[in-house]
Amino acid sequence: MDRKEMHLPHLCAWCGARQPATERTLSFRSARKSPGRVKLSVPICAVCDTYRTQAMEIHSTMMKKFVLPTLLVGLALGYALVALDSRAYDLLETLVMAFCLFGPIAWGILYLLLFAVFELIFYKSILRRRIGDPPSGYEHVREASHKPCAYYYYSRTWRFYNEAFHARFAEANPEWAWQPDRGK
């Protein structure tokens, strides 16, 4: 079967309300829980692009400030686990075990717990305080506010989370578009 070329509507894929100013190449998973990636250039308006760029900068800055303290605490916890062991280790063994085994494990657990708290509780309020609310139509309930709600690739069909953009995409590309009657 010969597949036709995909046509994207001339509308912002993230908000579905404004005319696009640029195209952004995004990478998507080729299927759920798959390491394979597919790239697609989607049209983005200047307002959404600016908001996402600022949000990603804030997120990156916050993560840099977040990682170093948790790394130090994780390594300290790793050292404490080895030091509290009743067996006698020399200094070199203690340091190797603390920094190579128990430290990274403790850091990973601590990082995951604190990262979940940061993402779920603090990040959205920090983002709103620094750059304001997302552009109208940008945010989707399934997405964190710093991620664009623009896409879903599954079983060789595309589903855009923005309803207006997806409706126009489905009109222009019926064989590429996800349809509710085809299943998820």
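**Briefing: fold, surface and charged pairs of a predicted model**

The mean pLDDT of the protein is 77, and 81% of its residues reach 70 or more; pLDDT is the predictor's confidence in each residue, from 0 to 100. This is a predicted model, so local features need pLDDT of at least 70 and side-chain atom pairs count only at pLDDT 80 or more, while totals for chains, interfaces and linings use all residues. Residues are numbered from 1 along each chain as its sequence is written, and side-chain values use heavy atoms, with hydrogens and water left out.

**Fold and confidence**

- The protein has 3 helices and 4 strands. Helices (H or I, at least four residues) and strands (E, at least two) are DSSP runs, numbered from the N terminus.
- Along the sequence, the pattern is β-β-α-α-β-β-α.
- Confidence is highest in helix α3 (residues 163-172), at a mean of 88. Strand β3 (residues 153-154) has the lowest, at 67.
- Of contacts with a separation of 6 or more, 59% join residues 24 or more positions apart. A contact means heavy atoms within 4.5 Å.

**Surface and burial**

- The accessible surface is about 11300 Å², and carbon and sulfur atoms hold 61% of it. Accessible areas come from the Shrake-Rupley method with a 1.4 Å probe; for residues, only the protein chains shown count as cover.
- Of the 184 residues, 38% are buried. Buried means under 20% relative accessible area, exposed over 50%, and partly exposed in between (1.4 Å probe, protein chains only).
- Tyr 79, Leu 91, Leu 95 and Phe 99 form a nonpolar surface patch, together giving about 380 Å² of accessible area.
- Patches are made of residues with over 30% relative accessible area and no salt bridge; like charges are joined within 9 Å, nonpolar side chains (Val, Leu, Ile, Met, Phe, Trp, Tyr) within 5 Å.
- Helix α2 (residues 91-131) supplies the largest share of the nonpolar patch, 3 residues. Leu 91 sits in helix α2. Leu 91 is exposed, because its relative accessible area is 59%.

**Val 67 and its partners**

- Val 67 lies in helix α1 (residues 46-83). At 28% relative accessible area, Val 67 is partly exposed.
- Neighbours within four places in sequence aside, Val 67 contacts Trp 107 and Tyr 111.
- Val 67 and Tyr 111 are 44 residues apart along the chain, yet their C-alpha atoms are separated by 7.5 Å.

**Salt bridges**

- Side chains of opposite charge can pair when their charged atoms come close.
- The structure holds 2 salt bridges. In each, a side-chain nitrogen of Lys or Arg is within 4 Å of a carboxyl oxygen of Asp or Glu.
- Arg 24 pairs with Asp 49, with the closest N and O atoms 2.2 Å apart. This pair links distant parts of the chain, 25 residues apart: Arg 24 is in strand β1 (residues 22-29) and Asp 49 in helix α1.
- Arg 24 is partly exposed at 23% relative accessible area, whereas Asp 49 is buried at 18%.
- Arg 128 and Asp 133 form a salt bridge at 2.8 Å, N to O. Arg 128 is partly exposed at 37%; Asp 133 is exposed at 54%.

**Cysteines**

- The count is 0 disulfides. A disulfide is a pair of cysteine sulfur atoms within 2.5 Å.
- The closest cysteine sulfur to that of Cys 12 is in Cys 45, at 3.6 Å, so the gap is too far for a bond.
- The sulfur of Cys 48 also has Cys 45 as its closest, at 3.5 Å, again too far for a bond.
- Cys 12 is buried at 0% relative accessibility, and Cys 48 is buried at 0%.
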